[in-house]
Amino acid sequence: KCRGFSSEACPRARWERKRSRTAKELLETEHKYLEQLDLVLTYFVTILKAKGTLKPAVLETIFGPLESLYSASHVLSFHLEKGNLGPGLENFCQSLDLYGHYADNLEQANKTLKEQLRKNKSFRRFKKLQEARPQFQGRELEDLLPLPLQRLHQKLPNLTRQPARVAHTLFLFVSSHPFLFIPSRPSPDLTAVSVSPACPGRWYIREGWLLVVPSKGEELKRRMFFLFSDILIAAKPCHPLHLLNSNKLSCQAVYPLHQCSVDKVFGHTQSQGGLLSLSFPQKTLLLMSSNQQEIHDWYRSLTAAVR
């Protein structure tokens, strides 16, 4: 018990609530991740093994230890459902080597996949039929293969807050994979971008529309933002009458995150929406949304990327 504090103000009680909220959010997102991974295992790996459409070596190159990664996350979900956040994440760290193998092999996996699509007609037809299933919601296999590494990046903030032995295991993993690269397709319609979104050491995190609050009392500007591990890209729609780019986005700015600090101006309480302040050496960027959950998610993603 906390002496001298009300139940609401007690530091330990606040910590327990925050921990419980973190575990709940992690469990919800882990379930969604497992559902997506299950699509690949059920409609690709299992059936391809049974049909023999691809040689075992080719199958192993494309999908790697995906089944083992699924099992590791399934065990983590079991721990989270029991309320065992710490032990669950500590146990999960034992599977980091699998993620390292998956990361090291992903570029070759994509090359092999393209090669098989080019020369294996039955596999090409099979892939198209599977992706047409309503469960895929328009996603292609290429969109789903990077999921384990994207999910690992989302878990990193939770892992770093665990006991020293867990943080040390994480440090060794990151140190041995400094150029962890997650191929992504943030937007095929982004034009005039001055940097390459896909390059070694950079991975895609999220994207979405936010309102930019001008510093001189002008109207709010609606912009599409693409967040990567080290940069934030701001873009706006091209003119609708443009002959070539009417349905595309034009890059407006690229913000490096290595000298950025992120603050939540409002959106802490059950208010409507929220406002984030991103401070750079030469500029302060104010981003707003009427959706409080969206602001909360952006805040977590930005602070994780900055760290």
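Biologist: Which residue in E8 does Gly274 stand opposite?
Modeller: In this predicted model, Gly274 faces Ser289 of E8.

Biologist: How many bridges pair E7 with E8, and in what sense?
Modeller: Seven bridges, in the antiparallel sense. Strand E8 covers residues 283-289.

Biologist: And how many residues sit between E7 and E8?
Modeller: Two residues, and the strands form a hairpin.

Biologist: What about E6, how many bridges join that strand to E7?
Modeller: Five bridges, and E6 and E7 run antiparallel. E6 spans residues 261-266.

Biologist: Which residue in E7 is the bridge partner of Phe266?
Modeller: Phe266 is bridged to Leu275.

Biologist: Is E7 mostly covered or mostly open?
Modeller: Mostly covered. Of the seven residues in E7, which runs over 274-280, six are buried.

Biologist: Switching to rings. How many aromatic pairs does the structure hold?
Modeller: There are five aromatic pairs.

Biologist: Which residues do ring pairs link into a cluster?
Modeller: Tyr43, Phe44, Phe126 and Phe136 are linked that way.

Biologist: What would you quote to describe a pair of aromatic rings?
Modeller: The distance of the centres and the angle of the planes.

Biologist: Now the charges. Which ring does the charged end of Arg222 sit over?
Modeller: The ring of Trp209, with the charged end 4.1 Å from the ring centre.

Biologist: And Arg206, which ring is under its charged end?
Modeller: That one is Trp298. The charged end of Arg206 lies 4.6 Å from the centre of the Trp298 ring.

Terms used:
Residues numbered from 1 in each chain as written. Predicted model: local features only at pLDDT ≥ 70, side-chain atom pairs only at ≥ 80, totals over all residues. Heavy atoms only, no water. Phe/Tyr/Trp six-rings, centres within 6.5 Å; stacked < 30°, edge-to-face > 60°. Lys NZ or Arg CZ within 6 Å of the ring centre and 35° of its normal. Buried < 20%, exposed > 50% of the residue type's maximum accessible area, 1.4 Å probe, protein only. Helix = DSSP H or I, 4+ residues; strand = E, 2+ residues; numbered from the N terminus. Pairing = 2+ DSSP bridges.
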